[in-house]
Amino acid sequence: MTGVQTCALPILFIVGKFMNPVQVGIYDKAASFATQPQSVINMNINSVFFSIFCKNKKFSEELQLSLKKNLSLLGLINVPVYFGLICIAPYFVNVLLGEKWQAMIIPLQILCLSAICNSFTSVAANLNVAIGKYSEHTKKLFVLILFFIFSMLFAVNYGLVGVACAALLFNLLKLFFLLGLALKNASLSWYDFMQTILPCFIASFLMLFVNSIASVYWLNEYSFINMILIIIIGAFVYAGYIFFIDRSIILGEFKNAVRKDLTKIAFNMRRKNDI
């Protein structure tokens with residue numbers, strides 16, 4: 001659940017109370033786009049790892065490895081998806097929604113950063129419930145939600161960008177306190193966490209850098225074709241780094257699995273052609 005989803009009703013109430021209906025509609029649409037990818041991705045991945053956490057809760061090394069794999073897989077998928085959405089946000093809004101929705105671009109990009117933080121925080125609840133240590137998690141989440149609601153009362157003075165920044169701050173605090181608790185319960189450090197997700201961020205920042213250059217000097221017209229080209233360029237840059245440059249062990253397991261599947265598909269296609 002994202003920071004937006006966790007406090008969906010308070011956000012809409014506060015935004016609706018202090019802002020006009022147009023701003024409410026813009027923020028609601030931005031939040032909807034920002035939460036959609038992880039509502040599909042996180043649910044499927046975390047549901048698989050929940051049973052793994054339950055199975056390995058008495059074995060510290062297996063629990064640590066499972067948590068690293070969960071974080072790594074979420075990072076491998078979510079981080080480039082949201083960095084990609086940040087890249088194409090101006091194209092997406094102008095081409096598919098129209099110029100009247102341009103006020104949504106910056107809040108959407110900020111909410112994408114918020115969603116990246118929440119992608120990793122979602123693992124915390126999974127692990128803490130699985131190992132039977134959810135009480136402290138719930139108390140911390142309750143305090144953070146109260147803080148978020150009060151911060152929203154201040155943030156509305158700065159418009160949609162301020163509200164989006166409040167959501168980002170909320171998710172950063174959730175990441176620090178709730179994921180920190182999960183790491184502690186698994187006897188891992190923040191260094192272990194950073195080491196696990198670093199390749200995904202390096203590849204995504206590289207993708208963002210290349211796409212930014214392309215959008216400024218080459219694909220600077222907001223059109224559907226240029227949006228597709230930005231997506232393709234970003235995908236090639238990200239995949240190129242992950243598959244040919246990165247040497248991390250955990251990601252290596254995922255890459256080997258992908259290579260095996262691609263090899264099987266290629267082999268089956270050759271057999272069909274021979275027949």
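How much accessible surface does the chain have, and what share of it belongs to carbon and sulfur atoms? The accessible surface comes to about 14500 Å², and 68% of that belongs to carbon and sulfur atoms. Here are a few notes to go with the structure, which is a predicted model.

1. Overall make-up. The chain has 10 helices and 0 strands, so the order from the N terminus reads α-α-α-α-α-α-α-α-α-α. Of the 275 residues, 48% are buried. Among contacts with a separation of 6 or more, 78% are between residues 24 or more positions apart.

2. A pair worth a look. Searching the whole structure gives 13 aromatic pairs. One of them joins Tyr-91 and Tyr-222: the ring centres are 5.1 Å apart and the planes stand at 90°, so this pair is edge-to-face. Tyr-91 belongs to helix H4 (residues 60-97), while Tyr-222 sits in the loop between helix H8 (190-217) and helix H9 (224-244), so the pair ties together parts 131 residues apart in sequence.

3. Burial of the two tyrosines. With a relative accessible area of 2%, Tyr-91 is buried. Tyr-222, at 45%, is partly exposed.

4. Sequence neighbours. Phe-176 and Phe-177 also form an edge-to-face aromatic pair, with 5.0 Å from centre to centre and 85° between the planes. Phe-177 is partly exposed, its relative accessible area being 35%.

5. Phe-176 and Phe-177 belong to one aromatic cluster together with Phe-83, Phe-120, Trp-190, Phe-193, Phe-201 and Phe-205.

Conventions. Residues are numbered from 1 along each chain as its sequence is written. This is a predicted model: local features need pLDDT of at least 70, side-chain atom pairs count only at pLDDT 80 or more; totals for chains, interfaces and linings use all residues. Side-chain values use heavy atoms; hydrogens and water are left out. Rings of Phe, Tyr and Trp (its six-membered ring) pair if their centres lie within 6.5 Å; planes under 30 degrees apart count as stacked, over 60 as edge-to-face and the rest as tilted. Helices (H or I, at least four residues) and strands (E, at least two) are DSSP runs, numbered from the N terminus. Buried means under 20% relative accessible area, exposed over 50%, partly exposed in between (1.4 Å probe, protein chains only). Contact means heavy atoms within 4.5 Å. Accessible areas come from the Shrake-Rupley method with a 1.4 Å probe; for residues, only the protein chains shown count as cover.
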